[in-house]
Amino acid sequence: MKRTKAVAALLLCHPIRITPFAPKPGIKRTRFHGHGERWHLHSETDKVSAEADASSSHRRTLLNAAALLPLALTSSCAAADEPLSQLLLGKGSWIDNCDSSDSPVESTFVPPSFATYLARFLIRYDEGVSSWWRELVATYSLLTSREVRRREGRVFASFAESIRRGLGLFVVGTNTAVRGGASVGAEGARERYSVLLEILLEKYGGRDGAVRHIGLLFAMLPPSYQPVDALRLRFENTVDVDAQAALLPGSITIQRNSLPPNFTEDASSLLPKRYSCAYNTSMKSFQISPALQLYEIGINEEAGTTAISTIFGPLSSKPLTRTRPNLGRHYYTLLGISGGVGCALTHALVIPLDVVKTRMQTNPGEYEGVFDGAITIAREEGVSALLLGTQATLVGYLWYGISVYPAYAFFKMIIADHLLSPAFAVAHANDVALVAGAVASIVASLGLTPIEAARIRAVAEPQVYRDKGLLGTLAVIGREDEALGWRNLYAGLPSLMTSIASCARSNPSLQPLKFLAFERASEAIFVAWPGLRDATYTALGVSLVAGGFAGALSSVVSQPADSVLTYVTKQNAGGNLGAFDGAKMMVQQDGVGSLFRGLGSRCVWAGCIIAGQFLLYDVFRGLFGITGDDLNQVFELVLLPR
């Protein structure tokens with residue numbers, strides 16, 4: 001709960017507080033923390049007015065504090081220290097993903113086993129890296145052991161690749177000629193590794209056992225890269241491998257199974273004390289004694305990226321990444337624009353289908369199917385009847401997209417980063433997404449419910465509401481019950497919220513289950529065909545397919561609530577008919593099947609609209625530069641020359 005404590009500390013440093021105090025009759029003091037004191041003189045006749053003003057001021061203060069809470073939470077995240085930036089080996093920093101190289105040629109000068117063992121060495125001996133790794137392990141404490149191994153392995157592989165890239169740039173140095181692909185040369189690499197040896201000894205040499213592991217580390221380098229002279233000066237008491245071989249029968253090759261159990265999976269483990277750095281007189285280089293088989297095998301990671309398996313753990317082809325913290329208002333604004341345009345356009349394209357669906361629910365048995373309903377409506381009322389409710393649809397779903405997309409991202413961040421412990425949030429990531437989607441959709445539905453009620457009236461009774469327009473229809477609904485007034489516009493709100501909780505009609509793309517289904521479907525497709533990530537058009541195709549699947553799947557769950565919403569809105573009961581009463585009446589009149597009336601058309605409608613909506617949403621996010629890759633940062637290590 002470190003982040004929660006950071007939020008509390010921030011609010012304590014910047015509170016908005018009003019403390020009434022009366023040292024003498026008629027005098028009132030108001031203290032503003034951090035801004036001095038203000039004194040006010042009041043007569044006895046002003047006492048009631050003063051109390052009212054104080055109450056009003058207190059309410060305004062609470063509202064202001066609530067408005068500032070999101071900013072305080074965001075600031076606390078940004079203010080938290082990043083342990084990886086405190087590592088001693090060099091300067092660690094997070095840079096934008098677009099500023100990093102996909103496959104730098106410099107990293108080829110660093111053997112995979114060297115990079116992975118150095119990553120373990122830093123986890124053991126570097127305070128910043130060790131703190132980061134402990135926090136990471138703690139966030140996985142509620143997961144299964146198999147899932148913990150998988151996640152830790154992926155993070156370690158990416159961290160080792162970040163180390164490898166930093167070392168590669170250090171070995172190449174400032175020689176720009178080699179950065180185009182030319183060889184730096186064995187002599188140049190040996191000189192740079194000699195400097196690296198001195199840096200490691202200076203930074204970590206005073207720690208228990210560190211010198212031995214530094215020697216083991218450099219023994220993993222190819223003989224042509226080893227700073228032999230520097231190593232012999234530092235490790236002059238090492239065992240001569242040829243002399244050792246004379247005492248022991250045959251060559252010794254220690255296989256992986258001779259290491260401690262789970263050695264490869266435990267990233268904090270280093271080689272046991274029986275291993276040492278030894279000088280081979282015949283090869284004139286250092287090696288590990290007893291001999292250790294340093295295998296390096298190419299593998300495919302779960303996310304589709306290539307990796308190398310070593311005895312010390314995997315090495316990814318991608319560096320360590322994270323989502324950019326403290327995205328700010330600019331990010332949420334662009335999310336709202338992307339969502340609003342996507343919602344409005346996709347709903348506009350399926351207005352005829354939505355009209356037929358609404359008619360089938362309000363006039364059961366009148367049409368044999370979707371196509372029969374469309375043909376009948378066009379023949380009897382004209383083609384323009386298929387566009388009934390266009391104004392309400394565009395306005396309603398423009399608002400819904402603008403509000404629900406940024407709200408989902410915001411509440412997901414708040415719940416995961418500030419309200420829950422990291423371990424609980426990771427273990428219940430699906431639940432966090434469902435709750436965030438439900439809360440965001442309920443908030444957005446407060447603006448959509450009156451507009452949706454007007455749309456249903458316009459479609460179900462065009463002869464009454466066609467000429468009134470959106471504002472006129474809203475005015476009529478608001479005057480139907482003098483006692484309720486404008487609250488009559490929210491007669492269908494309980495059913496709408498029930499529909500939302502089960503991924504309902506009002507904007508299926510971001511209802512809890514639909515959003516979760518879309519994310520998991522996309523992940524499954526990319527795992528099965530990782531190459532689809534490489535091109536923009538194939539990635540957008542995945543969004544289209546996953547969106548269609550999510551929309552159709554969620555329609556089955558949300559159909560009963562959607563049918564009840566339409567039924568309650570149609571009834572001219574002045575808002576006295578609730579969602580549960582409406583459902584009971586539907587079942588009594590037409591049976592349980594009435595709750596699933598129009599399911600086929602709804603699946604087609606939802607599948608089309610969600611597929612198109614996620615497609616357009618991703619297109620606009622790409623144009624605005626707020627896709628996942630655009631918002632990612634990679635960890636970069638820079639070793640400063642001595």
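Predicted model: local features only at pLDDT ≥ 70, side-chain atom pairs only at ≥ 80, totals over all residues.
User: What is the overall make-up of the protein chain in helices, strands and buried residues?

Analyst: The secondary structure comes to 23 helices and 13 strands. Of the 642 residues, 46% are buried. Among contacts between residues at least 6 apart in sequence, 73% join residues at least 24 apart. The chain exposes about 31,000 Å², and carbon and sulfur atoms supply 59% of that area.

User: Why are α3 and α5 called roughly perpendicular?

Analyst: Helix α3 (residues 112–125) and helix α5 (residues 145–172) pack at an angle of about 110°, their axes being 9 Å apart. The label covers angles from 65 to 115 degrees, and α3 and α5 are therefore roughly perpendicular to each other. On the α3 side the contact includes P112, F114 and A115, and on the α5 side it includes F156, F159 and A160.

User: What makes E147 and R150 a salt bridge?

Analyst: Their side chains meet at 2.4 Å, N to O. The cut-off is 4 Å between a side-chain nitrogen of Lys or Arg and a carboxyl oxygen of Asp or Glu, so the pair E147 and R150 qualifies at 2.4 Å. Both residues lie in helix α5, 3 residues apart, about one turn of the helix. R150 counts as partly exposed because its relative accessibility is 29%, and that class runs between 20% and 50%.

User: How do you know that D354 and R455 are joined by a salt bridge, and which parts of the chain does the pair link?

Analyst: The N to O distance between the two side chains is 3.3 Å, so it falls within the 4 Å limit. The pair links distant parts of the chain: D354 sits in helix α11 (residues 351–362) and R455 in helix α15 (residues 429–460), 101 residues apart.

User: Are D354 and R455 buried or exposed?

Analyst: Buried means under 20% relative accessible area. D354 is at 4% and therefore counts as buried. R455, with 2%, is also buried.

User: What makes E523 and R520 a salt bridge, and why are they called partly exposed?

Analyst: The closest N and O atoms of E523 and R520 are 3.3 Å apart, and the limit is 4 Å. The two residues lie in helix α19 (residues 512–528), 3 residues apart, about one turn of the helix. E523 has a relative accessible area of 43%, and R520 has 30%. In the whole structure, a search finds 10 salt bridges.

User: Why is A444 called buried, and what does it touch?

Analyst: A444 lies in helix α15. Its relative accessibility is 0%, so it counts as buried, the cut-off being under 20%. A444 touches W399, Y400, S403 and V404, leaving aside residues up to four places away in sequence.

User: What makes I337, V619, L623 and F624 a nonpolar patch?

Analyst: A patch takes residues with over 30% relative accessible area and no salt bridge, and nonpolar side chains are joined within 5 Å. These four residues form such a patch on the surface, with about 340 Å² of accessible area together. Helix α22 (residues 599–624) gives the most to the patch, with 3 residues. L623, in helix α22, has 64% relative accessibility and so counts as exposed; that label needs over 50%.

User: How do you know that the peptide bond from S289 to P290 is cis?

Analyst: Its omega is near -5°. P290 lies in the loop between β7 (285–289) and β8 (291–292).

User: Which backbone values stand out at N262 and K284, and why are these residues called exposed?

Analyst: N262 has phi near 60°, a positive value in a residue other than glycine. K284 has a positive phi of about 55° and is not a glycine either. N262 lies in the loop between β5 (253–254) and β6 (276–280), while K284 is in the loop between β6 and β7. Exposed means over 50% relative accessible area. N262 is at 57% and therefore counts as exposed, and K284, with 56%, is exposed as well.

Note on methods. Residues numbered from 1 in each chain as written. Heavy atoms only, no water. Patch = residues over 30% accessible without salt bridge, like charges linked within 9 Å, V, L, I, M, F, W, Y side chains within 5 Å. Areas by Shrake-Rupley, 256 points an atom, 1.4 Å probe, with all protein chains shown as cover. Helix = DSSP H or I, 4+ residues; strand = E, 2+ residues; numbered from the N terminus. Buried < 20%, exposed > 50% of the residue type's maximum accessible area, 1.4 Å probe, protein only. Axes fitted to C-alpha atoms, helices over the stretch in contact; angles between N-to-C directions. Parallel < 35°, antiparallel > 145°, perpendicular 65-115°, else oblique. Contact = heavy atoms within 4.5 Å.
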